[in-house]
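User: Hi, I have a new structure open and I'm learning to read it. Can you walk me through it?

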Amino acid sequence: MDKKSRYQQIIKDTIRKYARSDNPAFEEFETQIVFDDAHGHYYLVDVGWNKMKRIHGFTLHLDLRQDKIWIQQDWTEEGVAEDLIEAGVPKSDIVLAFHAPYKRPYTGFAIA
């Protein structure tokens, strides 16, 4: 399996791990998983309603660009980067894109 295919699978497995199961407290609420291999976009999105409040937000947004995984959004408790590292992705192939470019050299991860 080539690097791109391996990373696509790791991203998908990681996002599936964070997908919520049915929660009776939020009857009109769902978590959607969106995989776009052709364009390298992967999302975990919460949509619906919690009583009178609209819910629409990205829990995770990962992109695969030039054989690197770009973490665009991460609202997980421990951080999805740790899951990627445990799955065998080196820090040099993970970009914490939610940090400004001038801060990335200090993160210990790839800068771009």
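Analyst: Let's start with one term. A residue is called exposed when its relative accessible area is over 50%, buried when that area is under 20%, and partly exposed in between. Keep in mind that this is a predicted model.

User: OK. Glu78: buried or exposed?

Analyst: Glu78 has a relative accessible area of 69%, so it is exposed. You will find Glu78 in the loop between strand S4 (68–74) and helix H2 (80–86).

User: Now helix H1. Where is Thr14, and is Thr14 buried or exposed?

Analyst: Thr14 sits in helix H1, which covers residues 3–18. Its relative accessibility is 6%, so Thr14 counts as buried.

User: What is Thr14 in contact with, leaving aside neighbours within four places in sequence?

Analyst: Val80, Asp83 and Leu84.

User: Switching topic. How many salt bridges does the structure hold?

Analyst: Five. Side chains of opposite charge can pair when their charged atoms come close.

User: Show me one. What does Lys3 meet in a salt bridge?

Analyst: Lys3 meets Asp93, side chain to side chain, at 2.9 Å from N to O. Lys3 is in helix H1, and Asp93 is in the loop between H2 and strand S5 (94–95), so this pair ties together parts that are 90 residues apart in sequence.

User: What about Arg16 and Asp13, how far is it from N to O?

Analyst: Their side chains form a salt bridge at 3.4 Å. Both residues are in helix H1. They are three residues apart, so about one helical turn separates them.

User: Where do Arg16 and Asp13 fall on the accessibility scale?

Analyst: Arg16 is partly exposed at 44% relative accessibility. Asp13 is partly exposed too, at 43%.

User: Give me another bridge. Which residue does Asp63 pair with?

Analyst: Asp63 forms a salt bridge with Arg65. Their closest N and O atoms are 4.0 Å apart. Asp63 has a relative accessible area of 3%, so it is buried. Arg65 is partly exposed, with a relative accessible area of 38%.

User: Last topic, backbone angles. What is the phi of Lys51 near?

Analyst: Phi of Lys51 is near 60°. That is a positive value in a residue other than glycine. Most residues other than glycine have a negative phi.

User: Where is Lys51 found?

Analyst: Lys51 is in the loop between strand S2 (41–50) and strand S3 (53–65). Its relative accessible area is 77%, so Lys51 is exposed.

User: And Gln66, what is its phi?

Analyst: Gln66 has a phi of about 45°, which is positive although Gln66 is not a glycine. Gln66 lies in the loop between S3 and S4.

User: Is Gln66 buried or exposed?

Analyst: Exposed, with 76% relative accessibility.

Methods: Residues numbered from 1 in each chain as written. Predicted model: local features only at pLDDT ≥ 70, side-chain atom pairs only at ≥ 80, totals over all residues. Heavy atoms only, no water. Helix = DSSP H or I, 4+ residues; strand = E, 2+ residues; numbered from the N terminus. Buried < 20%, exposed > 50% of the residue type's maximum accessible area, 1.4 Å probe, protein only. Contact = heavy atoms within 4.5 Å.
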